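Here is a short briefing for a reader who is new to this structure. Look over the sequence and the model, then take the points below topic by topic.

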Amino acid sequence: MATPEITRRALLAGGAVLATTTLLPRAAAAAGRVVAPAYPGPWEEAYRAVVLPALKKTADVDTVLTPLLSLDQVAKVRASRATPPLDVFMLDPGPAVVAIEDGLIDKFEPGRCKNIAHLQKAFYDDWGVSVAAQIVGIAYNPKKVDRPKGWKDLFEPKYYGKVGISGFGTTFGTSSLIEISKLYGGSLTNVDPAFEVLKKWLPHVGVIAQNPVAVNTLFQQGQMDVTYTNYQTVSTLKGRGVDIEFVKPETGPIAFYTTLHVVKSAANKDNAYKFIDTVLSTEVQAALQKPPYGLLSVNKNVPLQPDMPPEIVKSHAELASFVHHDWRQINPKRAAWIERFNKEIRQ
Amino acid sequence: MDRALQQGDPPIAERPPREREGWLALPLALFFLFFFLAPLGLLAGISLRVTPQLEGLGLVQYAKFAGDAFNWSVLGQTLLLGVKTVAVTACIGVPLGLLFMDAPRRWQPILLFIIVLPLLTSVVVRTFAWIVILGREGLLNNLLTGLGLVAAPVRLLHTELGLVIALAQIEMPLMLLPLISVMSRLDPNLRDASAALGAGRWRTLFRVTLPLSLPGLVAGCLLVFASSVTAFVSQTIIGGGRMVLMPFYLWQQATTLFNWPFAATIGMVLLVSVLAVVTTLNALGRRSRALVHG
């Protein structure tokens with residue numbers, strides 16, 4: 001047999017086929033898809049397992065799930081306002097305020113989600129809808145260290161070298177450092193005391209991580225035994241066999257809601273509403289709340305019990321009694337805090 | 001099958017060569033223009049904006065960068081990290097290159113495979129593997145405590161030492177490939193001649209082999225420096241939150257603080273600094289080639 005020869009015509013034809021395959025699928029699938037983000041790690045796993053199949057079943061919409069943290073989503077959309085790379089935002093309260101003020105979010109029309117009827121009025125507004133509550137407290141490894149009681153314990157000598165923290169670049173870091181500040185005379189907008197405490201503690205630092213995803217890995221690797229994080233991360237890691245327990249700080253855990261929004265100028269606006277509607281449905285909220293996912297439901301038909309251990313949270317009334325932060329007051333200060341953290345923490 | 005050959009264009013030798021070759025570079029030139037030069041121009045343009053809302057025009061951001069000692073120390077630490085990584089890869093790379101040169105021919109492909117192995121694994125996998133190795137309960141610390149060399153685990157992860165070790169492994173192929181390609185082309189007769197003229201092995205190494213390998217070494221240093229200084233993923237994950245280096249600083253300004261003009265300025269400063277180092281190294285490289293041929 002002769003060796004196959006590549007003629008110019010064959011090469012061009014092949015090239016054309018290759019070029020079409022890269023361009024085609026987007027156009028072909030555009031009728032039934034939505035590009036939605038999910039926080040990397042436990043959230044992404046939960047949404048991939050529960051929300052995607054449900055949306056495909058009820059509305060025949062394919063989801064391109066993009067693992068991105070809140071601020072990364074805002075940055076991506078900000079960089080391409082006219083043709084945003086996402087149809088939906090999944091945001092923590094701080095970045096949500098940024099996105100609203102920056103005009104990146106479409107007005108939310110509750111009427112386009114039939115499942116909104118299962119939600120209390122407080123859970124949605126003109127800009128978006130809450131889809132899960134998060135409870136932030138202290139996580140520790142029960143096999144290695146004593147159970148810490150509150151925020152102050154993080155800086156106790158018996159935990160020296162074992163505590164890992166993240167800074168003001170993350171929601172967990174910012175809200176936890178605010179609570180620490182309050183214990184030493186600070187307030188929601190004055191974190192000077194936290195900086196004082198951190199400065200004294202730095203020689204005994206365990207880990208300072210740059211994002212919450214890194215914190216999970218470092219905890220699993222035994223690089224730290226105590227850190228601040230949310231209940232849901234603890235639940236997921238525990239489900240994987242990691243020695244980890246959640247503590248509600250004695251001054252009260254922090255609670256906040258993660259919200260979904262429709263991105264302004266989104267290419268698939270109808271499907272964005274279908275996505276949000278699916279997330280709010282009773283079945284999906286119930287499935288997302290079951291261990292190991294542990295995403296606290298906002299749907300009236302899904303009680304927090306028995307999925308949540310009663311010692312963590314019994315009801316939405318109790319959840320409302322936890323510490324809530326007003327991010328409209330925090331955001332204007334955050335940039336200065338991040339820069340100060342850079343300078344004071346740097347080796 | 002032979003039809004194309006019989007009826008096709010005139011034989012290559014008959015065409016005017018220069019004219020055709022110039023056109024061949026056009027796709028690359030266009031690619032560079034649209035996907036490199038244009039974005040770079042955009043970046044430079046944004047760095048000249050006064051506010052994060054992209055208003056005004058001026059050198060405000062550069063003045064802000066130059067006016068804060070913190071920024072200079074970030075730049076200094078970043079460039080120093082590159083120098084340290086280059087030093088480690090060169091110290092390990094040169095002996096490895098010599099070993100490769102003297103290895104039997106049938107071993108060389110196997111050695112080459114081992115050398116490029118780090119390039120064949122994903123950067124994320126490599127980086128997380130280093131967490132497992134350098135961690136408090138990692139391989140290295142288990143070995144050290146197991147052998148009784150240290151009482152408590154040594155802090156390696158999230159330190160500059162750990163980062164340099166990891167980067168040296170990750171960037172090693174970039175040092176070795178140019179080095180080996182130059183070294184393996186060296187005429188073995190030169191070494192024999194040197195020996196015949198009475199030079200010892202060390203003298204031959206320092207007066208003949210190494211000077212002749214300099215162009216490869218310089219090219220390797222150049223690649224390792226540029227790559228380690230900008231290795232964002234490795235720097236942030238292995239270096240940790242206490243090590244603020246230029247790529248992380250830039251990322252933070254762009255995606256956490258949304259201060260694009262300042263982020264662009266950090267990018268331009270890093271670009272110019274790396275270019276300055278690369279140009280210096282290139283000049284050294286030219287001089288070393290002159291040394292060889294001249």
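## A buried serine in chain B

B:S213 is buried, because its relative accessible area is 1%, under the 20% cut-off. The model is predicted.

**Around B:S213**

- B:S213 sits in helix α11 of chain B, which spans residues 201–229.
- A polar atom of the B:S213 side chain lies 2.7 Å from the backbone oxygen of B:T209.
- Leaving aside residues up to four places away in sequence, B:S213 touches B:L179, B:V182, B:M183 and B:L186.

**Where chain B meets chain A**

- On chain B, 36 residues are in contact with 36 residues of chain A.
- Together the two chains bury about 3400 Å² between them. Carbon and sulfur atoms account for 51% of that area.
- Three residues stand out on the chain B side: B:R136, B:R242 and B:F258. They supply 25% of the area that chain B buries against chain A, more than any other three residues.
- The count of salt bridges between chain B and chain A is 3.
- One salt bridge joins the side chains of B:R136 and A:D225, at 2.9 Å from N to O. B:R136 is also among the three residues named above for buried area.
- Across the interface, 14 residue pairs are in polar contact, with both residues at pLDDT 80 or more.
- Four elements of chain B give two or more residues to the side that touches chain A: α1 (3–7), α5 (69–102), α7 (123–134) and α13 (246–256).
- Which element gives the most to that side of chain B? It is α13(B), with 7 residues.
- By class, the side of chain B that touches chain A has 18 nonpolar, 11 polar and 7 charged residues.

- B:F258 lies in the loop between α13 and α14 (260–293) of chain B.
- B:F258 is not a glycine, yet its phi is positive, at about 55°.
- Is B:F258 buried or exposed? With a relative accessible area of 7%, B:F258 is buried.
- B:F258 also belongs to the trio that supplies 25% of the area chain B buries against chain A.

**A strand pair in chain A**

- β1(A) runs parallel to strand β2 (residues 62–67) of chain A, and 6 bridges join them.
- Within this pair, A:A38 stands opposite A:P67 in β2(A).

**Backbone features in chain A**

- A cis peptide bond joins A:P291 and A:P292, with omega about 5°.
- A:P292 lies in the loop between α10 (282–289) and α11 (316–321) of chain A.
- Another cis peptide bond joins A:Q305 and A:P306, with omega about 0°.
- A:P306 is also found in the loop between α10 and α11 of chain A.
- A:S265 has a positive phi, near 60°, and is a residue other than glycine.
- Where is A:S265 placed? It is in the loop between β9 (254–262) and α9 (269–280) of chain A.
- A:S265 counts as partly exposed, at 39% relative accessibility.

Key:
Residues are numbered from 1 along each chain as its sequence is written. Chains are lettered from A and ligands numbered from 1 in the order in which they are written. This is a predicted model: local features need pLDDT of at least 70, side-chain atom pairs count only at pLDDT 80 or more; totals for chains, interfaces and linings use all residues. Side-chain values use heavy atoms; hydrogens and water are left out. Contact means heavy atoms within 4.5 Å. Buried area is the accessible area (1.4 Å probe) that two parts lose on being put together, summed over both. A salt bridge is a side-chain nitrogen of Lys or Arg within 4 Å of a carboxyl oxygen of Asp or Glu. A polar contact is a pair of N or O atoms within 3.5 Å; within protein, one must be able to donate a hydrogen and the other to accept it, and residues adjacent in sequence count only if both atoms are side-chain atoms. Ala, Val, Leu, Ile, Met, Phe, Trp, Tyr, Cys and Pro count as nonpolar, Asp, Glu, Lys and Arg as charged, and the others, Gly among them, as polar. Two strands pair if DSSP finds at least two bridges between them. Buried means under 20% relative accessible area, exposed over 50%, partly exposed in between (1.4 Å probe, protein chains only).
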